[in-house]
Amino acid sequence: MLTASKEVTVTVEIEVVPLEKPDDVNVIVGQSHFIKTVEDLHEALAGVGGTLKFGVAFCEASGARLVRRTGNDDSLVDLAVAAAMSVGAGHSFVIMLRDGFPVNVLNQVKAVPEVCSIFCATANSVQILVAVTDAGRGVAGVIDGEPPVGVETEQDVADRKDLLRAIGYKL
């Protein structure tokens with residue numbers, strides 16, 4: 001038996017929320033689904049190695065609706081909490097990193113069972129597009145960097161390869 005659904009009109013506003021962070025800090029923004037996310041992300045990040053500094057904040061979507069937080073660097077925890085409070089989207093999380101890059105931890109973060117998706121992982125300045133309805137707030141997307149101004153030349157290719165070797169990502 002099919003039932004007819006009634007049409008519902010919903011107003012959606014899009015807010016642009018800039019994430020405040022120093023230039024030497026990388027950020028990962030994602031969505032998860034459970035309160036233990038904050039502890040599982042901490043364990044995943046701590047397991048990468050002793051030099052990585054991080055702060056994690058997770059926006060609880062129901063119950064107490066608190067920003068849950070953890071990390072091994074108080075300043076990065078504070079940055080992550082401030083970003084999470086600004087975004088204010090249920091089940092979103094923010095990880096701030098120093099002395100390491102997202103590429104070093106992204107697979108571990110994605111492997112956390114509660115993680116649903118990653119919106120960005122970057123050192124660039126980031127703007128989060130937050131959709132707002134009567135039901136709450138959700139991350140609709142991110143603005144991560146500026147548009148390209150051209151195509152790399154042969155010299156640009158050589159420079160890219162040299163950089164990757166200089167920072168230890170290629171042999």
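I began with contacts in this predicted model: of those in the protein with a separation of 6 or more, 66% are between residues 24 or more positions apart.

Next I looked up the fold. I found four helices and eight strands, and along the sequence they come in the pattern β-β-α-β-β-α-β-α-β-β-β-α. The C-alpha trace spans about 60 × 40 × 35 Å along its principal axes.

Then I checked the surface. Of the 171 residues, 32% count as buried. The protein exposes about 10,500 Å², with carbon and sulfur atoms supplying 53% of that area.

I turned to charge. There are 14 positive and 23 negative side chains, and the centres of the two sets lie 5 Å apart. I noted six salt bridges in the structure.

I looked at Asp-24 and Arg-98, whose closest N and O atoms are 3.0 Å apart in a salt bridge. Asp-24 sits in the loop between β1 (13-19) and β2 (26-31) and Arg-98 in strand β5 (residues 92-98), so this pair ties together parts that are 74 residues apart in sequence. I have Asp-24 down as partly exposed, at a relative accessible area of 46%.

Glu-152 and Arg-160 form another salt bridge, at 2.9 Å between the closest N and O atoms. Glu-152 is partly exposed at 40% relative accessibility, and Arg-160 is also partly exposed, at 37%.

I also found a network in which salt bridges with shared partners join Lys-36, Asp-40 and Glu-114. Within this group, Asp-40 and Lys-36 meet at 2.4 Å, N to O. Is Asp-40 buried or exposed? Asp-40 is buried, with a relative accessible area of 15%, whereas Lys-36 is partly exposed at 36%.

Key
Residues are numbered from 1 along each chain as its sequence is written. This is a predicted model: local features need pLDDT of at least 70, side-chain atom pairs count only at pLDDT 80 or more; totals for chains, interfaces and linings use all residues. Side-chain values use heavy atoms; hydrogens and water are left out. Helices (H or I, at least four residues) and strands (E, at least two) are DSSP runs, numbered from the N terminus. Buried means under 20% relative accessible area, exposed over 50%, partly exposed in between (1.4 Å probe, protein chains only). Contact means heavy atoms within 4.5 Å. Accessible areas come from the Shrake-Rupley method with a 1.4 Å probe; for residues, only the protein chains shown count as cover. Lys and Arg count as positive and Asp and Glu as negative; His and the chain ends are not counted. The place of a charge is taken as NZ of Lys, CZ of Arg, CG of Asp or CD of Glu. A salt bridge is a side-chain nitrogen of Lys or Arg within 4 Å of a carboxyl oxygen of Asp or Glu.
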